Structure formats: C-alpha cells, structure tokens
Amino acid sequence: MITVGVLALQGAIAEHINCLKKLPAVTVREVKTLADLNSIDGLILPGGESTAMGKILNYFNLLEPIAQKIKAGLPVWGTCAGMILLAKNISNQAETYFATMDITVKRNAYGSQLDSFQTDINLPEISNNPIPLIFIRAPYIEVAQEHVEVLAKIDNNIVAAKQDNMLVTSFHPELTQDLSWHKYFCNMILHK
C-alpha cells in the first residue's frame, strides 16, 4: 500500500484524487500542511494557476520544505502548472518555485483557454492503448538537459519528461478516464 499526496492548495485536486482512488493498493491524502507532507510516499502537483500556487506555497511556508523533500528523493509529478513549479527555468519569468528539475518551461505555450485542445498519442512505455491528452493553457518544455528523459512530444514540443524522482506532463491526465499516467507515477513510487 502506498500513500499518494495531492497538493491541495489550488487547481485540479479532486480530479487527481478521484483517479487515484480507482487504483488498487493506493491511499490518497490531501497535502495542505507540513504534517501532511511527512505521511506520503509521493506527491502530485496538480494543474491550476502556477503564480497563485507559488503565492500560497510561500504564504504557508511550504515552498522550501517541499523543495527539500523533492531534492531528498520524494517522487513528485507535476501536471501543467505543476510542471512550471518544478522547472529550474521559466521563459520570460525571473521567479521560479521549487526549481528542482533541469528544464526550461514556457508558460501558456499553447495560448489561451480558447486554444485548449485534445489529442491522442501512442506511448508503449506508458500504455498499450492510445492515451488521450488534454491541453488547457498548457506549458511545454523548451529545453531539457541531457540527463532529463523525454517521454512525449507533440509537434516537436516536449510535453512529458522524467528526471530521477520527478515526472512532469504539460497535459491533464486527471481530466480523462485513462489512468495510465497515474499508474506510471505509482510505479515510480514503488520502485524508488
């Protein structure tokens, strides 16, 4: 049994929790405090608004403790805004947040809410079936250092990557019925 935490400050919290509850041998915990952080085996940073999340993390003094946990090996998965929180560099923005992953991310790279889209992709290492990807005001990775494993590209843009204990996706798996990415992350936790 593993316990997966979902950072519960802002964003697609309930959607990730609902996906995780469908997986066997997984318990879910909302993470709002330092105490919550100490009782999880892995952490999901949901999609939402990265600037708002950054302010809330600072306000509740969670930014540095979470960054330290990630640096110490806590498995973490950032979806959409969560990808921005993990990036060491953000295009056209000096401020970073956890700054733990060796990537440069472009915020709102696919445009506004009106430019949201869905596509399917074949990724045999993640699933035997085509995986639906939903992009909403999504970022993408402009630069990934050579030790970052690129997992998926759309139109030559990096939209999923992994580095050590960190996984990031530009898209929102929690908004689909497909649990492939949640299973992949839980396997990362089990094999850390």
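# Close-up views of a predicted model

View 1. Apart from residues up to four places away in sequence, Val150 makes contact with Ile158, Ala160 and Ala161. The structure shown here and in the other views is a predicted model. Val150 belongs to strand S10, which covers residues 149-154. Its relative accessibility is 36%, so Val150 counts as partly exposed. One of the contacted residues, Ala160, lies 10 residues from Val150 in sequence, and the two C-alpha atoms are 6.3 Å apart in space.

**View 2. Asp155 in the loop between S10 and S11.** Asp155 is placed in the loop that runs between S10 and strand S11 (157-163). The phi angle of Asp155 is near 50 degrees, a positive value in a residue other than glycine. Asp155 counts as exposed because its relative accessibility is 68%.

**View 3. Asn61 in the loop between helices H3 and H4.** Asn61 is found in the loop between helix H3 (50-59) and helix H4 (63-71). Its phi angle is near 55 degrees, and this positive value again occurs in a residue other than glycine. With a relative accessibility of 58%, Asn61 counts as exposed.

**View 4. Strand S3 and its parallel partners.** Strand S3 comprises residues 42-45. S3 runs parallel to strand S1 (residues 2-7), and three bridges join the two. Within this pairing, Val4 stands opposite Gly42 of S3. S3 also pairs in the parallel sense with strand S4 (residues 76-79), again over three bridges. Here Ile44 is the residue opposite Trp77 of S4. In a regular strand, side chains alternate between the two faces of the sheet. Both faces of S3 are covered: Gly42 and Ile44 are buried on one side, and Leu43 and Leu45 are buried on the other.

**View 5. Leu43 and its contacts.** Leu43, a residue of strand S3, has a relative accessible area of 0% and is therefore buried. When neighbours within four places in sequence are left aside, the contacts of Leu43 include Gly5, Val6 and Leu7, together with Val31 and Leu37. Leu43 also contacts Ile66, Leu74, Pro75, Val76, Trp77 and Phe185. Leu43 and Lys192 are 149 residues apart in sequence, with 13 Å between their C-alpha atoms.

**View 6. The enclosed helix H6.** Helix H6 is largely enclosed by the rest of the structure, because eight of its 11 residues are buried. Trp181 and Tyr184 are three residues apart in H6 (residues 180-190), about one turn of the helix.

View 7. Six aromatic pairs are found in a search of the whole structure. The pair formed by Trp181 and Tyr184 is edge-to-face, with 6.0 Å from centre to centre and 70 degrees between the planes. Both Trp181 and Tyr184 are buried. Phe135 is one of the buried residues of strand S8.

**View 8. The antiparallel pairing of S7 and S8.** Strand S7 (residues 117-121) pairs with S8 in the antiparallel sense over five bridges. Ile121 stands opposite Ile131 of S8. Strand S8 (residues 131-135) is mostly covered, with five of its five residues buried. Ile131, Leu133 and Phe135 lie on one side of S8, whereas Pro132 and Ile134 lie on the other.

**View 9. Ser91 in the loop between S5 and S6.** Ser91 lies in the loop between strand S5 (87-90) and strand S6 (101-106). Ser91 has a relative accessibility of 18%; since buried means under 20% relative accessible area, Ser91 counts as buried. Neighbours within four places in sequence aside, Ser91 is in contact with Thr104, Val105, Lys106 and Glu142.

**View 10. The largest pocket.** The largest pocket holds about 210 Å³ of space. Its lining consists of 13 residues, and those nearest the centre are Gly48, Glu49, Cys80, Ile136 and Arg137. By class, the lining includes four nonpolar, six polar and three charged residues.

Notes:
Residues numbered from 1 in each chain as written. Predicted model: local features only at pLDDT ≥ 70, side-chain atom pairs only at ≥ 80, totals over all residues. Heavy atoms only, no water. 1 Å grid on protein atoms, 1.4 Å probe; cavity = no way out; pocket = protein on both sides within 12 Å on 5 of 7 lines; lining within 4 Å. Points joined across faces, edges and corners; volume = space filled by probe spheres on them. Nonpolar A, V, L, I, M, F, W, Y, C, P; charged D, E, K, R; others polar. Buried < 20%, exposed > 50% of the residue type's maximum accessible area, 1.4 Å probe, protein only. Helix = DSSP H or I, 4+ residues; strand = E, 2+ residues; numbered from the N terminus. Pairing = 2+ DSSP bridges. Contact = heavy atoms within 4.5 Å. Phe/Tyr/Trp six-rings, centres within 6.5 Å; stacked < 30°, edge-to-face > 60°.
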